[in-house]
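Have a look at the structure, then work through the points below.

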Amino acid sequence: MTNINEKFDHLFKVISSSNFLKKQSLGGEIPFFISTYEAEEENEVKINIRLLQNKLNSQGVKVLELNLYDIACEILEAKGGIERMFRVEQRKSKDKFLRALQSSLNIHQVLMPKIKEMIDESEAKVYFLTGIGACYPFIRSHNVLNNLQNVAKDCPTVAFFPGEYNGHSLNLFGLLKDDNYYRAFNINTIKA
């Protein structure tokens, strides 16, 4: 795709199609899709995600955005506030701070239950996973995707990923190779 507008026009056509919404043509695979973009396009992508949500909503396709960064901030606020984490950061080494932050956002005990709660309270037909780059390194995208398949299985999930996905591995920002992840489809290559 040559530009953001074309990419988001394509996303609208794919996501609003009945095949996509009914999870057809997946061959028994989980309904997870990755939409990649260049990290320097972050602000433009954010705007276009919002426009896409509005356009889909106007077509009767309700979207639940799961912004990992916002969810993490909400969890930290509930656990004593972000200011508390800033104080921890000042007193501890980077490694110890990262472990403390990851413990507060434990994927199994904290993050996934929060996301499940959001999904259960929603009537969405599609989930958008955003904020992936903003959470690195304290939340890793492959961990979220691997665990999300147990929670977000009723509706298609589109992860907006700042980097590259070749169908086998995620490469955050085009620089940081994450663990292999084979379960998602590259939505940018699906015919509309």
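Buried means under 20% relative accessible area, exposed means over 50%, and partly exposed is in between (1.4 Å probe, protein chains only). Helices (H or I, at least four residues) and strands (E, at least two) are DSSP runs, numbered from the N terminus. You're looking at a predicted model, where local features need pLDDT of at least 70, side-chain atom pairs count only at pLDDT 80 or more, and totals for chains, interfaces and linings use all residues. Residues are numbered from 1 along each chain as its sequence is written, and side-chain values use heavy atoms, with hydrogens and water left out.

**Tucked-away pieces**
- Strand 2 (residues 63-67) has four of its five residues buried, so the rest of the structure largely encloses it.
- Helix 8 (residues 141-148) is largely enclosed too, because six of its eight residues are buried.
- Those buried residues of helix 8 are Ser141, His142, Val144, Leu145, Asn147 and Leu148.

**Strand pairing**
- Strand 2 pairs with strand 3 (residues 126-130) in the parallel sense, over five bridges; pairing takes at least two bridges found by DSSP.
- Across from Leu66 you'll find Leu129 of strand 3.

**Helix 1 meets helix 3**
- The axes (lines fitted to C-alpha atoms over the stretch in contact, with angles from 0 to 180 degrees between N-to-C directions) of helix 1 (residues 4-15) and helix 3 (residues 42-58) come within 10 Å and cross at roughly 30 degrees.
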